[in-house]
Amino acid sequence: MASDILTFRLENGLQVQLKEIHSAPLISSWVWYRVGSRNEHPGITGVSHWVEHMQFKGTPIHPQGEMDRVVSREGGTWNAFTYLDWTTFFETMPADKVEIALNLEADRMVNSLYDLQEVASERTVIISEREGNENEPLFRLSEAMQRAAFTSHPYQHEVIGEMADLRSMQRDDLFNYYRQHYNPANAVLAIAGDFESEAMLQLARNTFGHLPAGMRATPVIADEPLPAAEQRVDVSGPGETTFIQVAYRAPRANHPDFFPLSVLDSLLTGPSGLNMFGGGGISNKTSRLYQRLVEKQLAVGVHGGLSATIDPYLYDATITAAPGRPVEEILKAFDEEIDHLCQDAVTTTVIERAIKQARALFVYGAENITNQGFWLGYAEMFASYEWFETYLQRLAEVTPADVLRVAREYLSSEKRVVGVYHPTGEGASHE
Amino acid sequence: MSNPSRRNTLPGADDTLRAVLPNGITLLARANHNSPSVVFHGYLDTGALRDPQEKLGLADFTAAMLTRGTRTRSFHQFFDLLESSGASLGFSGNIHTTGFNGRALTEDLPMLLALLRETCETPTFPVDYVEKMRAQLLTGLALRSQDTSDMASLTFDQLLFREHPYARPEDGYPETVTRISRDDLATYHADHYGPRGMVLVIVGDVEPTRTLDLVVAALGGWQNPHQSLPAALPEFTPPGEESRQHALVEGMVQSDIVMGGSGPTRKSADHLPVSLGNNVLGQFGMYGRIGEVVRERSGLAYYAYTRLNSGVGPGSWEVSAGVNPANVEKTIQLVKQEIAKYLNEPVDTEELSDSQANYIGRLPLALESNSGVASALLSLERYQLGLDYYREYAGLIRAVTPEMILEASRRYLDPQMLAIASAGPAG
């Protein structure tokens, strides 16, 4: 498949990816850093996410509050995200205002202040964010699942970090981390929208080309051993609803097995795409687990997820139990569906269906320039843009035998963690 | 540097088709050939306003059941067709309307319209699916009762709207949903679902005239001679005093606050001034003045923002924040001070200029996708704003002055008469 993007690397190592889209007078620009919770260790868990927050707190040129103002005044939207392997910042602006976004990103790539007072006030904001997460049963369960699924790999921590670390980290922990990871050599600048590529490349060169290169992050992370036996996690908390999660070790995104496992996921829990914005959703009522668990009234909902990551992460299914149905009965039905997948090959029709669903999700995602900007940089964080460009083709190459093989290899019970959220029955009332 | 396209991408009367079918369905259609897909948004003219007090949630339950089997297709056949095509179709119960959304690759639009017709006209409400759906709805309500944000919002509506139907949740309560029978659903559908008052907006890779042909073919024959007239909306009088209530949700780590007052209707002349004032108060940049005080300066919350809800009836103007339970009262006092300050003098001309630029500048972004355009066109029809509204929008926004904002805002917010709700553990 011929690429429709322009890729260039500046002398300081900044990788630039450009895609012209002339459907609307908008440009979405993204700066991706190859740093996330994968780069953290105990004592500074959550530092990547906190640094992301601090990047909104000002530079000498753009004092705190001024960044918001300059983007919002032009009708732009901006935000940032931190994940396991990456941190990204984006602005989507009217096309003739893109320089504002690029100047802002170049400025905060090297000049953020990390003022002591701002660090202190952001500490309580992030603790508040974590407390909001802790209100959610599925956050509590997922955090416990991650801890159980990994013994040494940094993927064992939630991106937001451990509360103890959020309370103890200091300004210099944040600033040094920023200095180490936020630099052109460790970043990708991805721009999609209504521009001419040559002119945009020149603008990128003028704006970012003079910044000191820095170093690309290459953390040394030992392979996480496969679990020797199934693990069980039990979490209790308020509420009346039982949740069950089953998580298997998944292949890294760059592994050939990722694609048959994606087809398997579509069959088992329903289709999911690579869109972050405006991609729409396709329901999963005909998926095997919905049919087996929800249609049989063992559960009221089920969904699954496979993440594209640098190192092997998790493929999980989350089940919302129907009131009064025993956990073991639900798990027995779940296991029977997994056994079915491991015993009988799927038909080619099933694979064709999964591909049409994936194609539809791509088409929906392409409506939105911000989403296209996201796509440009996303796959670079764990593979390359080619991974994204060939995604549909590689799904189409999946055979029934591939699906059977990955089901047997990845969905074995000794390689999984089973977690249950047990509600304590506390309810709500008015004072 | 860049050479951005200069064409006008905002919808207007010259590129939006509007037609009313003989059976009362209003269609708006606009082409967008940038992507081989199509979306539709729309609503039917019936909603939770009609729900009997003892069966709150009836309209919502009925909407949820439409895709659970029709006269021509079982639940499985319906979703097999939909999901195999990578398409989606869903319904939701609102207070005045029953909304629906659909999406498909262009080639599948006729199929999606056919499914829309049969779900609206011939749902069968199979008993076993009624019970499955009831279990799902009850689980949703159980989760709502543990969600501090939902519970604060629910409590706020009760404090602000008191006896008015807007105080009632569209999804009901466990005891009211439990009372709803299969016959209640079928009767509600027979009495209230019909083409009159239905609005359908279709945007995507189809010429509007072709869209009209497809809609006439799919929905033009739908009739319901028994369809009821729209329900009347009772008068609303804002509370004359401050009210305060805490919804106890045990075991939570964070509390939520929702506080504020009433707001203008969408068609009111006050709407744009109040909306711009709201942007200054709690939205611009990272949440405007409220965000600056509560989040940036005090570090009390991850989110603290305002929201103006304006529709066909009385609106609400709300401040929301998620805070540690120990900081609930402190945050409420800070917000009250900020509201008092906001109502004491006109906003700065620079603040207003920022918000005006923000409103005008963000419009192309809101209208870049098929869904964004469909949603915008649906609002035009719902509030009778005219097909050229978005092209006139910049002028309307620039005409608003700080004095207009202050005058309009004082009609709705009063720092001494706020409804103040919170939810979480005991403080």
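**Reading a mixed sheet**

In the hairpin that joins strand 1 and strand 2 of chain A, five residues lie between the strands, and Gly13(A) there has a positive phi near 95°. This is a predicted model: local features need pLDDT of at least 70, side-chain atom pairs count only at pLDDT 80 or more, and totals for chains, interfaces and linings use all residues. Residues are numbered from 1 along each chain as its sequence is written, while chains are lettered from A and ligands numbered from 1 in the order in which they are written.

Q: What counts as a strand, and how do strand 1 and strand 2 of chain A pair?
A: Strands (E, at least two residues) and helices (H or I, at least four) are DSSP runs, numbered from the N terminus. Two strands pair if DSSP finds at least two bridges between them. Here, strand 1 and strand 2 of chain A are antiparallel, with four bridges; Phe8(A) sits opposite Val16(A).

Q: Which strand does strand 2 of chain A join in parallel?
A: That's strand 6 of chain A (residues 187–193), through six bridges. Val16(A) faces Leu189(A) there, and Glu20(A) has Gly193(A) as its bridge partner.

Q: In what order do the strands of the open sheet come?
A: The six strands of chain A run 1-2-6-3-5-4, with mixed pairing. Strand 1 (6–9) and strand 4 (77–82) are the edges, each pairing on one side only.

Q: Is Glu350(B) buried or exposed?
A: A residue is buried with 20 or more other C-beta atoms (placed from the backbone) within 10 Å of its own, exposed with 12 or fewer, and partly exposed in between. Glu350(B), in helix 12 of chain B, is exposed because it has 9.
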